[in-house]
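Please look through the sequence and the model shown here.

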Amino acid sequence: MTTYPGSCHCGAIAIAFTSDKKPEEMRVGRCGCSFCRRHGARTMGDPAGSVEFRAAPQHLLRYRFGLGITDYLLCARCGTYVGALMPDDGGSIGIVNVNSLDIRDTFDPAPPCATTMARTRHGGAPGAESSG
């Protein structure tokens with residue numbers, strides 16, 4: 001078994017995804033639900049492996065929607081969606097958002113980021129605001 005480490009953006013949640021599979025053998029999915037689409041999530045799990053999320057209680061948020069049976073795990077400090085847990089026959093099923101793993105670029109890498117000015121000139125959102 002190999003353990004693939006990861007974390008949320010600020011490091012408050014540590015992740016350990018363990019699998020016998022090599023990264024190139026793993027199947028990454030893109031869920032079609034509104035939560036995963038809005039977070040740009042790329043998720044996977046391994047029934048023969050395990051995933052562990054470690055954080056101080058105040059740094060781990062659990063969010064539920066839809067049927068209310070799955071805990072979507074987010075960092076309370078930086079807002080990163082790191083994975084999900086669902087109860088299953090006395091245990092749980094876990095998935096990890098591969099964007100939170102240190103080996104994230106192994107899985108269908110995203111194109112390089114453009115600079116803010118380039119995004120604005122080529123269809124970005126000039127004048128975007130945030131309130132709150």
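Leaving aside neighbours within four places in sequence, T43 is in contact with R27, V28, G29, Y81, I95, V96 and N97, where contact means heavy atoms within 4.5 Å. T43 itself lies in strand β3, residues 43–44. Strands (E, at least two residues) and helices (H or I, at least four) are DSSP runs, numbered from the N terminus. T43 counts as buried because its relative accessibility is 11%; buried means under 20% relative accessible area, exposed over 50%, and partly exposed in between, with a 1.4 Å probe and protein chains only.

This is a predicted model, in which local features need pLDDT of at least 70 and side-chain atom pairs count only at pLDDT 80 or more, while totals for chains, interfaces and linings use all residues. Residues are numbered from 1 along each chain as its sequence is written, and side-chain values use heavy atoms, with hydrogens and water left out.

A76 is placed in the loop between β6 (71–75) and β7 (81–88). With a relative accessibility of 38%, A76 counts as partly exposed. Not counting residues up to four places away in sequence, A76 touches Q58, H59 and L61. Between the C-alpha atoms of A76 and R62, which are 14 residues apart along the chain, the separation is 9.4 Å.

How confident is the prediction, as given by the average pLDDT of the protein? The average is 83, and 81% of the residues score at least 70; pLDDT is the predictor's confidence in each residue, from 0 to 100. Over residues 113–132 pLDDT stays under 50, and the model has three contacts beyond four places in sequence for them.
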